[in-house]
Amino acid sequence: MTGPQRLYEEERNMWFAAAIEFERQNSQGSGSGDRSSRQYRYHDRVSGHSRLLNDYFVENPVYDETLFRRRFRLSRPLFLRILHTLQQHNDYFVQRRNAANTVGLSGEQKMTAALRMLAYGMSADSLDEYVRIGETTTIECVKRFYQGVVEIFGLEYLRSPNAADISRLLRKANQRGFPGMLGSLDCMHWTWKNCPAAYHGMYTGHVHRPTIVLEAVASYDLWIWHAFFGMPGSNNDINVLDASNLFANLQEGCGPSVNYTIMGNHYNMGYYLADGIYPKWATIVQSISHPQELAHDFFAKKHESYQKDVERAFGVLQARFAIVRGSARFWHHEDLTFIMKACIILHNMIIEDERVDDNGLVAMTSGNDDYDSLGTDGPVEVSRGPISFDHFMATNRAIRDSNTHYALRRDIIAHLWTLHGQGVIE
């Protein structure tokens with residue numbers, strides 16, 4: 001190698017060494033880049049698991065069932081039922097050893113982290129001190145948890161009322177003086193804090209910030225029978241109703257029909273109580289804004305009282321799961337849809353687990369009791385055969401018939417006033 005070539009090689013190596021040293025110095029202390037620059041933290045997962053078990057899951061825990069229910073939003077048997085089902089569905093929630101033969105996080109730790117984020121709306125890194133779980137792992141636990149809950153329990157706890165459910169709802173409606181009522185209907189807005197800037201106009205409505213709309217139907221026991229989520233907040237309740245599938249089964253003839261008689265008039269479609277913005281349909285009964293007669297005033301008071309069932313359901317849902325009460329901090333619409341569905345499923349599971357019987361007693365179940373196992377009193381018929389297009393259009397017109405709406409409301413008013421005169425309803 002000649003002198004100029006040797007000088008060139010030495011100069012090039014010097015520049016390479018300087019560039020490597022510069023890159024190394026710039027990467028120190030930063031949270032990104034080469035993995036060698038990241039700081040490793042020993043979380044002591046085993047002690048976190050032992051502390052969690054001793055606090056809540058051993059035979060004589062530090063905190064009893066009441067405190068468990070308050071902090072986890074559900075009972076211990078229901079927690080274990082969900083955990084065992086998730087472990088059978090996805091081995092992510094099964095405690096395993098990694099390639100270094102180190103014990104990983106337990107299913108109790110992962111599910112506790114997910115529930116704490118849903119129940120309290122906590123940040124991901126705030127759980128590290130007690131549960132001993134890192135920020136990124138907590139986010140992954142939440143995503144695995146709500147996906148598993150929706151996939152496993154969604155078919156049962158997000159279902160429409162079946163024949164047994166409708167019979168029970170009709171019995172309660174008769175006791176309230178509203179024969180044929182299946183629940184109350186309304187919408188709720190969930191603020192989307194991290195909505196992309198390009199979507200702000202589409203998702204901003206009357207609350208002046210990006211929101212996503214949840215349309216729901218709730219019954220007297222706060223069970224949410226219908227949940228349609230995802231419409232941008234710029235839509236009002238009428239737009240959401242037109243886009244939802246609330247009356248899809250009724251139009252297609254594949255859902256349980258409802259037959260009842262009020263003041264000698266027969267009706268074959270159930271109805272929902274709603275506020276004044278909704279259209280005058282045969283399946284929606286609204287209140288009277290300015291009642292001029294005593295019967296109308298009595299009807300308005302009872303209607304507004306029972307229509308609050310869905311508002312109560314929204315309030316209980318937000319009280320149990322603070323993540324849907326505050327602003328949504330996830331970026332993707334799909335994640336928010338899974339979170340809302342998972343919270344509604346857990347809400348219905350808690351309703352089933354702690355439902356109150358006719359004697360006013362709380363029936364704490366272990367998950368073996370079936371919410372559908374109630375009697376089928378009353379004439380409930382189910383149509384499962386294919387229907388023609390003409391029948392579909394005729395049913396659609398019957399649902400939107402305003403004349404039936406006004407006739408049904410007149411009959412309900414007369415029926416309520418008759419029961420009030422007899423002293424049955426005060």
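Colleague: Does aspartate 165 count as buried or exposed, and at what relative accessibility?

Modeller: Happy to go through it. Aspartate 165 counts as buried, because its relative accessibility is 1%, where buried means under 20% relative accessible area, exposed over 50% and partly exposed in between, with a 1.4 Å probe and protein chains only. Before going on, please keep in mind that this is a predicted model, in which local features need pLDDT of at least 70, side-chain atom pairs count only at pLDDT 80 or more, and totals for chains, interfaces and linings use all residues. Residues are numbered from 1 along each chain as its sequence is written, and side-chain values use heavy atoms, with hydrogens and water left out.

Now to the surroundings of that residue. Aspartate 165 belongs to helix H8, residues 163-176; helices (H or I, at least four residues) and strands (E, at least two) are DSSP runs numbered from the N terminus. Its partner in a salt bridge is arginine 159, with the closest N and O atoms 3.1 Å apart; the term stands for a side-chain nitrogen of Lys or Arg within 4 Å of a carboxyl oxygen of Asp or Glu. Arginine 159 counts as buried too, because its relative accessibility is 13%. Salt bridges with shared partners join Arg159, Asp165, Arg168 and Asp221 into one network. The side chains of aspartate 165 and arginine 159 also make a polar contact at 3.1 Å. That label needs a pair of N or O atoms within 3.5 Å; within protein, one must be able to donate a hydrogen and the other to accept it, and residues adjacent in sequence count only if both atoms are side-chain atoms.

Helix H8 spans residues 163-176, and lysine 172 lies over the face of tyrosine 220, 5.3 Å from the ring centre. A charge sits over a ring if NZ of Lys or CZ of Arg is within 6 Å of the ring centre and within 35 degrees of the ring normal. Arginine 71 has its charged end over the ring of tyrosine 63, at 4.3 Å from the centre. Tyr63 is also part of a cluster linked by ring pairs, together with Tyr56, Phe57, Phe68, Phe72 and Phe79. Rings of Phe, Tyr and Trp (its six-membered ring) pair if their centres lie within 6.5 Å; planes under 30 degrees apart count as stacked, over 60 as edge-to-face and the rest as tilted.

For comparison, here are other salt bridges. The count comes to eleven. Arginine 81 pairs with glutamate 352, the closest N and O atoms being 3.8 Å apart. Arginine 81 lies in helix H4 (residues 76-89) and glutamate 352 in helix H13 (residues 333-353), so this pair ties together parts 271 residues apart in sequence. Both of these residues are buried. Arginine 144 and glutamate 140 form another salt bridge, at 3.4 Å between the closest N and O atoms. These two both lie in helix H7 (residues 135-157), four residues apart, about one turn of the helix. Arginine 144 is partly exposed, with a relative accessible area of 30%, and glutamate 140 is partly exposed at 32%.

As for the setting, the protein chain has 15 helices and nine strands, and buried residues make up 45% of its 426 residues.
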